[in-house]
Amino acid sequence: MIEYYLLEQLVAVADNRTLSIAAQKLHISQPAISRSMQKIEDRIGVPLFNRSKSHIELNENGKVAVRYARRAIAANKEVIQQTQRFNRNAQILRIGACTAFIATHFITNLHKTFPEQKIRLTVADDSKLLDQLANNSLDLIILHNNLTKSGLLNKYYRDERLMLTLKKTSPLANKNELLFADLNGRNILGHQKAAFWLDIIKENIPNLNLITQEKIETLEQLVFSSELPVFNTSLVRYQYKVPPSKITLPIMDDTALVKYYFAFREEEKLQLKQFYEL
């Protein structure tokens, strides 16, 4: 039996052509890799190299050995990958998110890489999600805040900015960006399930007449047929089509930008790494 590390070192020597460069790439000493090459020859029972005082190169035996060593390394990786895949598919990944939109965004990306992964989704506020993560009811959560808590790890995910779609003939369309103050006293459409965004909008635009729609299909129809502007965000702006007569501008107040973070239990870091690094 040939140890796996010997096969890796043999392939490294073949790829780098010299013991010294292969040793550098593997972060080991040249005498160590030289002993490894002698050991693998002893295991196989035939010489794999032509040696001189200052040079070593693979002979024909060695080239055959390298070819099969590559296959063995690939097979070893396949064992790991397929076992991990089976484990993912057999288990339900329990995800919690502070909004349905950010959950949909993450799950869509996750299924591009892991199409067979089973998912159970919970949408709740940050405090409830943290409680459920702490008591092992959830595996991975997406929060508004980069909170520090004993036993939990956080990782930045992405931003979401509030935006406004409006007619190109609107006086506001002459701007490159908007502020909440620009929208005071106006009639603006919004999605009823926009969750915390509605609270931010109402808090920052006290005299706004916000007209919400529960169904995204109804909102899409109004975007085409109505003169009214509509709130959306950098994550959901493509959820419905925008007619050529309208443009979308960002709202640049500090409170119009939200950062999302993953949180997970520290002991689950290695198991969840493939998901949160997507």
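Predicted model: local features only at pLDDT ≥ 70, side-chain atom pairs only at ≥ 80, totals over all residues.
Residues are numbered from 1 along each chain as its sequence is written, and side-chain values use heavy atoms, with hydrogens and water left out.

Strands (E, at least two residues) and helices (H or I, at least four) are DSSP runs, numbered from the N terminus. Two strands pair if DSSP finds at least two bridges between them. S3 and S5 pair in the parallel sense, over 3 bridges. S3 also runs parallel to strand S4, residues 118-123, with 6 bridges joining them. There, Leu93 faces Ile119 of S4. From S3 the chain crosses through H5 to S4, and this β-α-β crossover is right-handed. That means clockwise from the first strand over the helix to the second, with the strands pointing away from the viewer.

Is S3 enclosed or open? Of its 6 residues, 5 are buried, so S3 is largely enclosed by the rest of the structure. Buried means under 20% relative accessible area, exposed over 50%, partly exposed in between (1.4 Å probe, protein chains only).

Now the cores. A nonpolar core is a set of buried Ala, Val, Leu, Ile, Met, Phe, Trp, Tyr and Cys residues joined through side-chain atoms within 4.5 Å. The largest has 52 residues. Leu183, Phe231, Ile251 and Tyr260 have the most contacts inside it. H5 gives the most to this core, with 6 residues. A second, separate core has 20 residues, including Leu6 and Ile33.
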